[in-house]
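Subject: Structure handover

Hello,

Here is the structure I said I would pass on. My notes on it follow below.

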Amino acid sequence: MNTLIRIRGWITDSHVINPQSSIYEPEKIHKLRLQPENPIAFKELEEAIEAVKVRSGTPTNKSINRHKDVLIDGCEMIFKSFYKPKLYGALEDISSDEELLGKFVQTVGHIRIFKDMNIILTAHLIEPALLDDFDPLD
Amino acid sequence: MTQKGLTLKDQNFINSSCRSIAKCESHGVMEKELRRQIYILGLYTFRQYHKVGLPSDIRNPRLQERELVPN
């Protein structure tokens, strides 16, 4: 079951161009860490996840043995995809992950729930975003 | 009665934001954007302490400003 999400924020870590694997995740996974522009995004995401769990009938019983969902780490959201997200606009020509770091982007993806009840955030599209002109010093 | 103060979750979020903003600085994020991030962090800290959530308009930090509700 999928639910569309759209998050705007700064890229703080990227393995979009060069996917990574690990002992725990042997498949190569495209990962992205995003610091959302507004902390309200976490509340919205948590509510969306709860709605997805309810719709899919995922038991909320914590005694069930399953992996812990790792979608949020402190003030960052973690996106994982098996396929490379599509880069649009000024990001199209980027050839290394380092070039993506610090960029303000909009990421479109899904909250994906698997049969084993694990939930991940996937990213399918990353495009440059514009911040409004608010400056606290003005 | 609502008790004022930051919860452990709030404190963890603030600590993580401080690390993340420093990461953004090292990645070359513009001065203006860093100022905005630090302003939002201060706004979050101030309003979370008083248990009033984020304001519907970030330009107006006062406690009387109504809380932003998730979409």
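How many bridges join strand β1 of chain A to strand β6 of chain A, and do the strands run parallel or antiparallel? The model is a predicted one, and in it β1 (residues 2-20) and β6 (residues 104-113) of chain A are joined by nine bridges and run antiparallel. Within that pairing, N2(A) has R112(A) of β6(A) as its bridge partner.

β6(A) also pairs with strand β7 (residues 119-128) of chain A, again through nine bridges and in the antiparallel sense. One residue of that pair to look up is G109(A), which stands opposite A123(A) in β7(A). Five residues lie between the two strands of this hairpin, and M117(A) there has a positive phi near 75°. For comparison, most residues other than glycine have a negative phi.

Next, the nonpolar core. The largest one contains 22 residues, and I11(A), L32(A), L34(A) and F79(A) have the most contacts inside it. The elements that each supply at least two of its residues are β1, β2 (29-36), α1 (40-56), β4 (76-81), β6 and β7 of chain A, together with α1 of chain B. The biggest contribution is that of β1(A), with five residues. Leaving aside residues up to four places away in sequence, I11(A) touches L32(A), L34(A), L100(A), L101(A), G102(A), K103(A) and V105(A). As general background, nonpolar side chains in soluble globular proteins tend to be buried together.

Now to chain B. Its secondary structure consists of two helices and zero strands, and its C-alpha trace spans about 45 × 25 × 20 Å along the principal axes. Of the 71 residues in chain B, 17% are buried. Taking contacts in chain B between residues at least 6 apart in sequence, 26% join residues at least 24 apart.

How do the helices of chain B pack, and at what angle? The axes of α1(B) and α2(B) are 10 Å apart, and the angle is about 175°. Angles over 145 degrees count as roughly antiparallel, so α1(B) is roughly antiparallel to α2(B). On the α1(B) side the contact is made by D10(B), I14(B), S17(B), I21(B), C24(B) and E25(B), and on the α2(B) side by L34(B), Q37(B), I38(B), L41(B), T45(B) and Q48(B). Sorted by class, this contact has six nonpolar, four polar and two charged residues.

Two residues of chain B have notes of their own. D10(B), in helix α1 of chain B, has 15 other C-beta atoms within 10 Å and is therefore partly exposed. D10(B) and Y44(B) are 34 residues apart in sequence, with 9.0 Å from C-alpha to C-alpha. K51(B) is located in the segment after α2 (31-49) of chain B. K51(B) is not a glycine, yet has a positive phi of about 60°. With 15 C-beta neighbours inside 10 Å, K51(B) also counts as partly exposed.

Last, the two chains together. Contacts link 23 residues of chain B with 20 residues of chain A. On the chain B side, α1 (8-26) and α2 are the elements that give two or more residues. That side of chain B divides into ten nonpolar, seven polar and six charged residues.

Regards

Note on methods: Residues are numbered from 1 along each chain as its sequence is written. Chains are lettered from A and ligands numbered from 1 in the order in which they are written. This is a predicted model: local features need pLDDT of at least 70, side-chain atom pairs count only at pLDDT 80 or more; totals for chains, interfaces and linings use all residues. Helices (H or I, at least four residues) and strands (E, at least two) are DSSP runs, numbered from the N terminus. A residue is buried if 20 or more other C-beta atoms lie within 10 Å of its own, exposed if 12 or fewer, and partly exposed in between; C-beta atoms are placed from the backbone. Two residues are in contact if their C-beta atoms, placed from the backbone, lie within 7 Å. Ala, Val, Leu, Ile, Met, Phe, Trp, Tyr, Cys and Pro count as nonpolar, Asp, Glu, Lys and Arg as charged, and the others, Gly among them, as polar. Axes are lines fitted to C-alpha atoms, for helices over the stretch in contact, and angles run from 0 to 180 degrees between N-to-C directions. Angles under 35 degrees count as roughly parallel, over 145 as roughly antiparallel, 65 to 115 as roughly perpendicular and the rest as oblique. Two strands pair if DSSP finds at least two bridges between them. A nonpolar core is a set of buried Ala, Val, Leu, Ile, Met, Phe, Trp, Tyr and Cys residues joined through C-beta atoms within 7 Å.
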